[in-house]
Amino acid sequence: MAKVEQWYYSDKVKEHFFKPKNFLAKDPGEGEFDAYGEAGNFACGDIMKMWLKIEPETKRIKDLKWQTWGCATAIASTSIFSEMVTEKEGMTLEEALKITPADIAKRLGGIPSRKFHCSVLADQAFKNAVDNYYKKLIK
Amino acid sequence: MSSIIIYMIKRIYMDHAATTYLDPRVKKAMDNFWLAKFGNPSSLYKEGREAKEAVEKARKEIAGLINAKPEGIIFTSGGTESDNLAIFGVARNFVSLKTDNKGNLTETKISGSPHIITTKFEHHAVLNPCKFLEKRGFDVTYLDVGKEGIVKPEDVKKALRKNTVLVSIMYANNEIGTVQPIPEISKIIRNFRNAKHEARNSKVSDFGFRISDLREKTPFFHVDACQAAGYLDLNVEKLGVDLMTINGSKIYGPKGIGLLYAKKGIKLEPLMAGGEQERKIRPGTENVPGIIGLASALRISQKEKNKEKKRLVALRDYFIKRLTAEIPKSFLNGHPKIRLPNNINVSILGTEGESIVLYLDELGVACSTGSACTSESLEPSHVIMALGKPHEYSHGSVRFTLGRRNTKKDIDYVMKILPGVVERLRKISATWQK
């Protein structure tokens, strides 16, 4: 880190920070998504919201959108998480729940350890969304 | 939006409160002291005498610039060391900092806990020594700074106690640039000291120890003038200060050099043990090129301050006016006028400061933020929090500090790109009301 020609964070963080994928630009329409979840970290002030579209039979993730009031690594980690779970035919909920913050950081080419707990919120927001999804199904 | 990622050749530096480039004239003044006049000022032979003469000449010049005696100038490694020397150097006169296993002081030379007054928004180089002393039995009062970031002199008056040994208040704040009423505060401290002195003379003291002479002179008044030195009056007699910190790297001088002014009669216990340099208060071979550079930088910045101040105030007010008008929900932090000529600190709600800094860096502009996300501790700016504003203001705070190389054109460029950056970040922000 901190070589002048390189960026402050990894190139992968840079790519996803400047060109984030799958963020929700406007408020979702009624019934547009199947589940909603959120997570936040008061210490750092980062807040994350996440919306899911799920194929009812296979439980595959068809779409994932997010918004965050966060720093560069918060934006990049959420963006790459959204890419991980929706690429190819989309992960099943069960598969996606196994993704850890370490997996996200690894795919980003590493992030500073102090940033780990506060900025990697995608897995928490996702778990919250999946919880809400099943709660809604039981009702 | 990808259109805003353009190739920038020119860099626009707007973080002069972090550090400044060297003034070419300062560099020229220093040039002689690397290869030619390299001697150790403590040496007896010619090379040593040459270096010593240069150091003493610089000391004399600096003393003249701040209306002090040359003996009152102690050269240090910078602002942090000077602040530490002022606080610990005074504190150690009153206690030995050894504590028992419960954390109580094993020896104090005055009855009751020694007391220090400072503010909630001091630089960490003052706050952390105060916190250190607090853990070792000192009482510390951290004064409020109000919504506008200015200490009220009457709050200092209310906080003064019989056992107050030191008051440390910055001349101008490093994050929001607000200027503190130093002459008013020093007058209050002086009156308090005089009253204490009279009271003591009228009755026999209960304190019979050797420290009583020093005790009588307290509280001392320390001022951190690092940010102020380039723009404000540094006359220590007019200001009425006993101790004052200045450093080189904020006034177009070199890094790694600073000074502590200490009024005659103030005994400072050294922080380090070593040789006899700087009247035995600060051991170590003098940083000769640094000292020459500091003197040169201080002379130039004091000489040119009025002209530069006028130029920068106009740029600052233009920048603030445009920014707060053109970016919705952006607010200036700190008093709009009683602030350094070069400081613009705004909170842009619904954005996070680190993201703005990284975007602007990519677009060729250097600035800084008080967002928690950029600090090692992940703590939000204690300065913005001290203004009593919600966490959101600290999270979205951005500081631009102008300097000699900045022009109106630079501000126009920032105002061309910043609204787009803010709009983009607000688009992906979970809290922004679209």
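This is a predicted model: local features need pLDDT of at least 70, side-chain atom pairs count only at pLDDT 80 or more; totals for chains, interfaces and linings use all residues.

Reader: Okay, what's the strand order in the open sheet of chain B?

Author: The order is β2-β10-β9-β8-β7-β5-β6 in chain B, which makes an open sheet of 7 strands with mixed pairing. The edges are β2 (73-76) and β6 (139-143) of chain B, each pairing on one side only. On average, neighbouring strands of this sheet are turned by 20° against each other, direction ignored.

Reader: Let's zoom in on β8(B). Which way do β7 and β8 of chain B run, parallel or antiparallel?

Author: They run parallel, with 3 bridges joining β7 (residues 164-168) to β8 (residues 220-224) of chain B. For example, V167(B) has F221(B) as its bridge partner, and S168(B) is partnered with H222(B).

Reader: And what about β8(B) with β9(B)?

Author: Those two run parallel, joined by 3 bridges. There, D224(B) stands opposite T245(B) in β9(B).

Reader: How many residues of β8(B) are buried?

Author: 5 of its 5 residues are buried. Both faces are covered: F220(B), H222(B) and D224(B) are buried on one side, F221(B) and V223(B) on the other.

Reader: Which strands does helix α3 of chain B touch?

Author: Helix α3 (residues 79-91) packs on the sheet and touches β2, β5 (115-119), β7, β8, β9 (243-247) and β10 of chain B. The direction of α3 makes about 165° with that of β9(B).

Reader: Where does α2 of chain B lie?

Author: Helix α2 (residues 46-65) of chain B lies across β2 and β10 (258-262) of that chain, running at about 120° to β2(B).

Reader: Switching to chain A. Which strands make the hairpin there, and how many residues sit between them?

Author: β2(A) and β3(A) form it, with 6 residues between them. β2 (residues 46-54) and β3 (residues 61-69) of chain A run antiparallel and are joined by 8 bridges. One of the pairings puts K49(A) with Q67(A) in β3(A). In the turn, K59(A) has a positive phi of about 60°.

Reader: Now the two chains together. At what angle do α2 of chain A and α10 of chain B pack?

Author: Helix α2 (residues 72-86) of chain A packs on helix α10 (residues 353-362) of chain B at about 90°, with the axes 8 Å apart. So α2(A) is roughly perpendicular to α10(B).

Reader: Which residues meet there?

Author: From α2(A) you have A72(A), T73(A) and I75(A), and they meet E354(B), S355(B) and L358(B) of α10(B). By type, the contact divides into 3 nonpolar, 2 polar and 1 charged.

Reader: Remind me, what is a disulfide?

Author: A disulfide is a covalent bond between the sulfur atoms of two cysteines.

Reader: Is C71(A) buried or exposed? And C367(B), buried or exposed?

Author: C71(A) is at 0% relative accessibility, so C71(A) counts as buried. C367(B) is at 7%, so C367(B) counts as buried. Both calls follow because buried means under 20% relative accessible area.

Reader: What's the phi of Y252(B)?

Author: Near 65°, a positive value in a residue other than glycine. Y252(B) is found in the loop between β9 and β10 of chain B, and with a relative accessible area of 5% Y252(B) is buried.

Reader: And R279(B), what's the phi there?

Author: R279(B) has a positive phi of about 55°, although R279(B) is not a glycine. R279(B) lies in the loop between β10 and α9 (288-326) of chain B.

Reader: Last one: is K102(B) buried or exposed?

Author: K102(B) counts as exposed, at 73% relative accessibility. The place of K102(B) is in the loop between β3 (95-99) and β4 (105-108) of chain B. Between K102(B) and A366(B) there are 48 Å in space, C-alpha to C-alpha, and the two are 264 residues apart in sequence.

How values were computed
Residues are numbered from 1 along each chain as its sequence is written. Chains are lettered from A and ligands numbered from 1 in the order in which they are written. Side-chain values use heavy atoms; hydrogens and water are left out. Buried means under 20% relative accessible area, exposed over 50%, partly exposed in between (1.4 Å probe, protein chains only). Two strands pair if DSSP finds at least two bridges between them. Helices (H or I, at least four residues) and strands (E, at least two) are DSSP runs, numbered from the N terminus. Axes are lines fitted to C-alpha atoms, for helices over the stretch in contact, and angles run from 0 to 180 degrees between N-to-C directions. Contact means heavy atoms within 4.5 Å. Angles under 35 degrees count as roughly parallel, over 145 as roughly antiparallel, 65 to 115 as roughly perpendicular and the rest as oblique. Ala, Val, Leu, Ile, Met, Phe, Trp, Tyr, Cys and Pro count as nonpolar, Asp, Glu, Lys and Arg as charged, and the others, Gly among them, as polar.
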